[in-house]
Amino acid sequence: MAKVRAEPYEFEFERASCALVIVDMQRDFVDPGGFGEALGNDVSLLRKAIAPTQKVLAAARAKKLLVIHTREGHRPDLADLPRNKKLRGRLKTGIGDKGPMGRILVRGEYGHDIVDELKPAPGEPVVDKPGKGAFYATDLDAILHARGIWQLVVCGVTTEVCVNTTVREANDRGYDCLVLEDCVGSYFPAFQKAALEMVKAQGGIFGWVSDSARFLKGLARA
Ligand code: TIU
């Protein structure tokens, strides 16, 4: 059993039952010139998570942890794009429209794919999700169940939207989640802080919070 210093108390895990989940590190959210930046966001706040996540990813691969990548997006025919998601924001250029890096959040488009720095390796499942949570309308639960995984180390963007939703979904399905605070990012510093506090408050109501350095230390001993 490996131990990671974390809040509200140490996170214990076994390699065989623990997966690394990297949420939506897609060009459209993270890269300069993408959809996120086009909406007026400062993508450097998200890009800060790339380097520590690269270290965690490399260590997880070396220790043979299951690594799962998720991408938020929709079918090219947009048949799985709910009306509320299409209309929300009253955007001139929104989901499905031609954006700076191809059709926005459409599967197969350049902007929809994962940034080069965190490119999935062959054999690592990539879960395409139409919603914010990685469990909604996906086969993530089946993939984890088949491998006997019940603990998740979570990285990705954005902290208060897709990361937080995924952690909440996972928690209700019986998974322990450890969120690494320097490996998640938000366009809003106040939300970054609050979203992390929400996870670990009340005795870890949704899970645990640690950081890449503490996780790497624990993983090295696993
Ligand atoms: N992946 C994810 O968080 N999708 C979003 O739309 N996030 C926002 O913060 N908008």
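## The pocket and its ligand

On a 1 Å grid over the protein atoms alone, a pocket is an open set of points where a 1.4 Å probe fits, with protein on both sides within 12 Å along at least five of seven lines. A molecule sits in a pocket if more than half of its atoms lie within 2 Å of its grid points. In this predicted model, the space taken by the ligand is the largest pocket.

## Basis of the model

The model is predicted, and local features need pLDDT of at least 70, side-chain atom pairs count only at pLDDT 80 or more, and totals for chains, interfaces and linings use all residues. Residues are numbered from 1 along each chain as its sequence is written, and side-chain values use heavy atoms, with hydrogens and water left out.

## Ligand surroundings

Asp24, Phe29, Glu72, Lys132, Val157, Thr158, Val161 and Cys162 surround the ligand, each having a heavy atom within 4 Å of it.

Polar contacts are pairs of N or O atoms within 3.5 Å. A ligand nitrogen lies 2.8 Å from a side-chain N or O atom of glutamate 72, and a ligand oxygen lies 3.0 Å from a side-chain N or O atom of lysine 132. At threonine 158, a polar backbone atom is 2.8 Å from an oxygen of the ligand. Of the 290 Å² of accessible area that the ligand has on its own, the protein covers 82% (Shrake-Rupley method, 1.4 Å probe).

## Backbone features

Most residues other than glycine have a negative phi, and most peptide bonds are trans. Threonine 158 is joined to valine 157 by a cis peptide bond with omega of about -15°, and threonine 158 belongs to the loop between strand E8 (151–157) and helix H7 (159–172). Another cis bond, with omega of about 5°, links glutamate 7 and proline 8; proline 8 is in the loop between strands E1 (2–4) and E2 (11–13).

Arginine 90 has a positive phi, near 50°, and lies in the loop between helix H5 (83–87) and strand E5 (98–99).

## Overall fold

The protein has nine helices and 10 strands, taken as DSSP runs (H or I, at least four residues, for helices; E, at least two, for strands) and numbered from the N terminus. The C-alpha trace spans about 50 × 35 × 30 Å along its principal axes.

Technical notes:
A polar contact is a pair of N or O atoms within 3.5 Å; within protein, one must be able to donate a hydrogen and the other to accept it, and residues adjacent in sequence count only if both atoms are side-chain atoms. On a 1 Å grid over the protein atoms alone, a cavity is a set of points where a 1.4 Å probe fits but cannot get out, and a pocket is an open set with protein on both sides within 12 Å along at least five of seven lines; lining residues have an atom within 4 Å of a point.
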